[in-house]
Structures are given as structure tokens and as C-alpha cells.
Amino acid sequence: MNQRFSPPRLRHERGHDDELLRSAEETGEETLRRLKTSPSGLAVRAAALRLRRVGLNRIARERRPSLMRELAGRAKNPLNALLLSLAVVSYALGDLRASVVIAAMVVLSVGLAFFQEHRSNEAAARLQAMVRTHASVRRPGAHTPDGFVEEPIERLAPGDIVRLSAGDMIPADLRLLEAKDLFVNQSALTGESMPVEKFAHAEPASDPFAARNIALMGANVVSGYATGVVVETGRRTALGALADKMAGARVETSFDKGVTRFTLLMIGFMAVMAPAVFIINGVTKGDWLQALLFAVSVAVGLTPEMLPMIVTVNLAKGAIAIARKKVIVKRLNAIQNFGAMDVLCTDKTGTLTQDRIILKRHLDIFGEDSDRVLEFAFLNSHFQSGLKNLLDRAVLEHHELASALRPDHAFEKIDEIPFDFERRRLSVVVRRDDGPHLLICKGAVEELFAISSRYETATDCGALDPSHLEAAQRETEELNADGFRVVAVAYKELPQEQASFSVADESALTLLGYIAFLDPPKESAAPAIAALEKSGVAVKILTGDNEIVTRKICKDVGLSVGRVALGSEIERMSDEELSALADEASVFAKLSPPQKARVIDALHRKGHVVGYLGDGINDGPALKAADVGISVDTAVDIAKESADIILLEKSLAVLGDGVLEGRKVFANITKYIKMGASSNFGNMFSVLGASMFLPFLPMTPIQVLTNNLLYDFSQTTIPTDNVDKEYLEKPRRWDIDNIAKFVTVVGPISSIFDYATFALMIYAFGAWTDPSLFQSGWFVESLLTQTLIIHVIRTARVPFIQSRASNALMLTTLVVCLFGAALPFSPIAGVFGFTPLPPLYWPAIFSFLLAYCVLAHLVKSWFVKRWGM
């Protein structure tokens, strides 16, 4: 097209609606003329020019954030806002050093979180480039029979002609030009659960969501096929308008809620402690300004300022670790649910089997080999325009039939009745040179037998009767028992003058026979299932295939079957009955897509965290219902769009690695939470007690802040820490009650040794009259105990002997301990108000530290035996 295309400006929603409604009222030809395109589509150069003017076909949630946006995202946190407020307060009260130290804490937390998350985003982006969703676009001069080529959807521009078929995500806002039995699921946009039928004829509409000839970006094709012209792309689409409003919004996981509860608990704790410390020190010491500065410092010390960094870095580290195994994490928080997952539901094809289907047999209804069955199956697979599944591809591998039948010359496709999951069959109507039209139907055995009235073999034909059904059932059961998937083939002659066709024509068919496929089990499936079950993840099979072949495959891979639940059985059950069955059964066969999602909801009601692995059209609802939706890069568009995790290799073994990474992430986050909370709980008793009986501040504000800064630095390497093997053996979830018990039991232990240090400094070294000496002694003891306690808390084993921390955590612990111990003797000691400690201080403190570690370990071991780690 030589006419110049002028893209509309980015409009408000009303303008967007007007553009689509105008297209709905126009005929297809009128819309093509207005968009300056044609039924043959845009040439490559014309499409590139339009793309340059309107921009890539991306919406807000897909655009990668800039460096500044990433940094702002890390900084935008209530804890950082609180700390910066306290820094401002310290500066306003004249304590510049305190404000600088508080600001340094924020910079340390934000900087490390930003660096690690940026690395994670870079790794994900490199892998994401390998997984693109494509659309079928018509290009003049394309070297394909129908002129359609595959292009990434981000390269679409207004005026492009797009083809849709079952399983496709609608890649832009389209005005339909042709449609055949097209049913579209718009639930992501409208919340309407039932698919809606779309047509191509012009008709007025008041709402683009209700327009029957408009297909909106983000919806997906359930069945049928169509072509349409792109009207709007990217942010100009209806989905783009929604995404701009909702970008970043997501449902909070139980882990998110738990971390938020813990943060609010610590802030509430601080809100009580800080005023109490201020009042006590103001009344007992008389210096209200110093009391206020000390209270601000205590507030900073009680704030879990490193928690956002610890969470982000752990998640990012987990994402990078599984990225090395070619697993793309679309949503970072999905890693948490990996660790908590205790049930993995999966289809069997490609997961338990090799996803390499071979057509092994083609039989008439009496079990004799039949070439005619294969020929009719080939014509059905060749002419269908919907998504060609693995069975179709296996049929079309018989290239010799293409030469013998010459389908594109001897036959002409007239119409198609697309596949859907209710009928479980697909029919094509073709015209022959030498006779009436043929309706060729291929689908599930029971469904085709129900709509057939006659049979035909190479030597015989006749009416079907119950004995034929019994023979067919015996034959298919024998094939299923050997691991074959069986599909029936039937046909019907129709008059040449008939112009339109529908499901009603799928009646009184002549049954030809069956084609049988073999999909061998994967050698890696059995050890992968065993490894998952050993780590506490039950594997359940949710398949649309029949019970017999599913039992055979499960047996081959060592999966215990027991009770098999069928879709027809589930349909009659109440939610309560299904919840009980979902716990009991491990295999669910002949399920429809809504039934798969319903089984997952039933498992949720039983308290399970559920993952789902799927790659087909029928897996979309289940992927959305699961806590962790997992798909593969070769999946249909709707499956990839619905998933949280994309595998570049469809393997249960990779999922096992993801589960372990999720549990490591959870373990290292909870280490920090338990350590920080118990330390703060113990400090409460120490600070309040010391404030009541001492004639001076137990530590100066700058000493409190320096202690906290050094302690924070020592914890920055927690995300690198090792996790004990036994901790990884079962699913882990957020348990606030367990954390509260741990804090209550372990927290006060540190106060025992704080008070022992107070007694040492006062009675052994005369620090009652030497505040600087007392403060130096408590500073060192407090820093050493807080820094070392992570090594006790991080493991249920004996620390340092049976379980060692990572080298990075050991190094930061050593550096901080040595630096803190040397600080009172350093040239800058005077800046912080420190004084050198007497020689006898060190053996006493080392004995305190040893006793503290032993007592904390004994109490922790008792706690683990009673309540778990």
C-alpha cells in the first residue's frame, strides 16, 4: 500500500472505544479501506514503517523497567521511609553523625537489593528472548501456500491481517473479517467465565467488550478459526488501558502477608518501646534531648530494615539459580510457592511420556489393518485449520499419502466443524472431483460411536448394533492396556448442493475404524517422581485421556495409581465430596478443562499448595487456578500467558530443582526474621532494665546506630547461606505462630548475658563512674552476640561442627566481629565515645559468648523437638 498511514494518538479510553465501535459498525471492506490495508495484508516494508510510528505491540506489564524505575521500586518501602524520617529527626536535633549512619543503612539495603534484582532481571530477559508468542500474519509474496507467516506479536501493526485458531491468544484488538464457529474466552478482560461466540458481519455495538465482531487483545480462542485486521496495538488496546491502571498489581501470597505482618509487628513493637525508653531515660537522667536521640536510635535498632533486601536478594538469587537450568521465572514471588508446594498436578503427555507420538496402527472395527482408515485420518488432519496437536502431526508424518492422495489437487476444503472439549471431535467437509461432499470426522471412540449408525470395512458394510460396540470396547481396551491412545475415524456423504454445515451434520456417520498412537514413557520420569515424592511433593495426574491408557503409563513410570477418578464422576460431585476425593485419588482421567481447575480448587480447600504443569489449550484454567502455574516454551499461547514459570525443557527433574530452590529461599528469609525478632525481643529487656538503673545512657545514640549498621552488614550474606539437607526434605510454609514461639523462647537468652556484662563492667571494672567504659563493653558484647547468634539459629544441628554457614556468611561474621572488637582501640574510638577495654574483659566475654552459644543451642534443640524448625 502506498497510501500514508497516520496512527492515532494515544487517546483516553473513550477515544479507544470510539475507534473499535466504528470498526464494529463498518463492513470489513470499509475497515480495510480506512486502515489503508487490503485482504492480502501489509507488505514487510509497509508494516515496518507503521511499527516505527506506533511502537512495539507491548502493554505496560510487559515493558521492562528502566534502571531508575528499578531503583525507585527498591527504595519505595515503608521501612525505608521510616528510617529516612528518623534520619531527618536526628539531623533536626543536631546529631549529624546519627543521621549519616541511618542513611548508610538505607543505602546498604536498597543498593544490595537493587544490584541482585537487576542481575535477576537481566538473566530472565536473556531467557525470555528465547520464548516469544507468535501470530500468523498474512504477507504479500510470502513463500507459504496460504500467504501466512509466523511473526512475534510485538511486531504487529495496525492494518496487519491475522489468522486465529484454537489455543491462540488474540494478539491485538481486531476487527474480524471471517469467522467459523469462533468461541473466545474474554474472562481476563470481562470476568465472564463462559466463552462468547464471535462473527464477522457488521453490527452496531455500544461497548467494544460486547461487540460480536471485535476480538480484544488478551482474550484467547477456545475453538473455531477466524481472520481479522489489526485495529489497535500496545497501550491503545483495551488490555493496554487496563494494564496501565493495574501494572504491578497482583494477589498477595500467604508469604507476602506473613512478611507484612512481621514488619508491622516490629514497627508496632518499636512504637511502644521508643516512647518508653524516651520517658524512662528522660525521667532518670534529666537530659531530655539525649533521651530523645537515644530513643530514636533504639527505634532504628528495632526496625527490620534489612528485611526487604533479604527477601528480594533471596528471591533474585533463586531466580538466577534456576535460570541456569533454563527455567524462566515470569513472577519472582512464584519461587516462594515452589518451596511451599506439596502437590504437583500435571498432564501426562510430554511429562511422563516422551512427547514423541508415533502412529503405530490403523485398524477397522474388527481389528484388521486398514489403509482406508489412515487415508481418511490423513485428509482430516491435512485440512483442519485449527491447532494441529501431536496426534495430527503423527498422522501427517505419513508423507507417502500426500503423494498418493494429492489432497490439494483432488480435494477442496468446503468447511470445518472445529474441535471442542464437549464433543471431543473435529470434522472437515471436502469436495471431490468424482462425487458428493465428504464429511470426515476424527475424535474420541465413545463420542464417534454414539453418532455413527453404520460401519464399513474393505470387504463389508452394515448397520452398527450393540455387539459392535462391545467388540470396539474390547479392542480399544486391549490397545489402551498396551499404552496406545486410540482415536476413531468416521465419514458421511453429503449432497453437493449443501452450502452450510454445523454440528447437526455430525450424525448417522459411517464408522471406518481406529488409529492407535504410542507415546513411550520417559526414562527420567520415574526417578523424577520418586525424588519429588521423597521431598514431600505428591504428584497427581490430571488428563483428558482415558483411564486404561493412563493406568498403563503411570505403572510404567512407577507412579502409584490406586483410585482413578473420572470426569463424569466429578461432574456429579459436590465441592465437599470432591475435596475428599482429591486428597485420596492420584489420577484423574477424562477431565474437561473446567474440571481440572475444579480439582485444583478442591485441593486448595484441603490446605494444599498446588502447582500445575501443562502446555495445552485445555490447561489454561488449571494454570490460573494453581498457586504455581508452570508451562513450557513450546506450549500454546494461552498456557504460556497463564503460567508463572516457563520451562525451556519439559522435565519433572527441573521442577525438583525449583522446589529445592524455593525451600532454600524460604529458609534463608526465615533465618533473618527469627534472628532479628529474637534479638530485638532480648534487647527490649536489656535496654529497659539498663535505662532504669543506670545513671547514664547504656549506649550513646551513635553507638547504638553503629552497632546496628555493623550487625546489618554481617547479615547481608544470609542469602548465600547453605541450608541443611533435612530442612529441604519437606514443604515449608509461613507459620507466624512458630516464629512467635521461637522469639519468646530464644529471645530472652541474650538478655541473661547482657546483664552478666553489665555486672562485669560495674563490679569488676568500676564502670559505674565511667560511662564510656561501660558503653564500650556493652557495645562489643552486644555486637558479638548478635552477630554470632545467626550461626546457632540457622541450623537445627550443632553449629560450626555439624553444619557450617556459607563462606560469605562466615567471612562477614569474622570481619564484623574483629572490626567491632578493634573499634575501642582504634584512632576513631573517640569519635564514637569509646575507650579501650581492660585485658581481663576478653576472657570473661569469650566465656560469656561460649556459654551463650551453648545455652541458645540447647534451648533451640528443645524447641525444634517440640515445635519443629
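Reader: Is E661 buried or exposed?
Author: Buried: in this predicted model, E661 has a relative accessible area of 13%.

Reader: Which side chain does E661 meet in a salt bridge?
Author: K664, at 3.9 Å from N to O. K664 is partly exposed, at 33% relative accessible area.

Reader: How many salt bridges turn up in the whole structure?
Author: The search gives 30. One of them joins R212 to E203 at 3.1 Å, N to O, and R212 is partly exposed, with 38% relative accessible area.

Reader: What about E154, which partner does its side chain have?
Author: R58, with 3.2 Å from N to O. That pair links distant parts of the chain, 96 residues apart: E154 is in the loop between β2 and β3, and R58 in the loop between α3 and α4.

Reader: And is E154 buried or exposed?
Author: E154 is buried, at 17% relative accessible area, whereas R58 is partly exposed at 32%.

Reader: Which residues are linked in a salt-bridge network?
Author: E19, R22, E26 and R34.

Reader: OK, switching to helix packing. At what angle do α29 and α32 pack?
Author: About 35 degrees, with the axes of α29 (residues 771-793) and α32 (residues 841-867) 10 Å apart. The crossing is right-handed.

Reader: Which residues meet there?
Author: On the α29 side they include V780, L784 and L788, and on the α32 side W842, I845 and Y852 are among them. The contact's residues divide into twelve nonpolar, three polar and two charged.

Key. Residues are numbered from 1 along each chain as its sequence is written. This is a predicted model: local features need pLDDT of at least 70, side-chain atom pairs count only at pLDDT 80 or more; totals for chains, interfaces and linings use all residues. Side-chain values use heavy atoms; hydrogens and water are left out. Axes are lines fitted to C-alpha atoms, for helices over the stretch in contact, and angles run from 0 to 180 degrees between N-to-C directions. Helices (H or I, at least four residues) and strands (E, at least two) are DSSP runs, numbered from the N terminus. A crossing is left-handed if the near helix is turned anticlockwise from the far one by less than a right angle, and right-handed if clockwise. Contact means heavy atoms within 4.5 Å. Ala, Val, Leu, Ile, Met, Phe, Trp, Tyr, Cys and Pro count as nonpolar, Asp, Glu, Lys and Arg as charged, and the others, Gly among them, as polar. A salt bridge is a side-chain nitrogen of Lys or Arg within 4 Å of a carboxyl oxygen of Asp or Glu. Buried means under 20% relative accessible area, exposed over 50%, partly exposed in between (1.4 Å probe, protein chains only).
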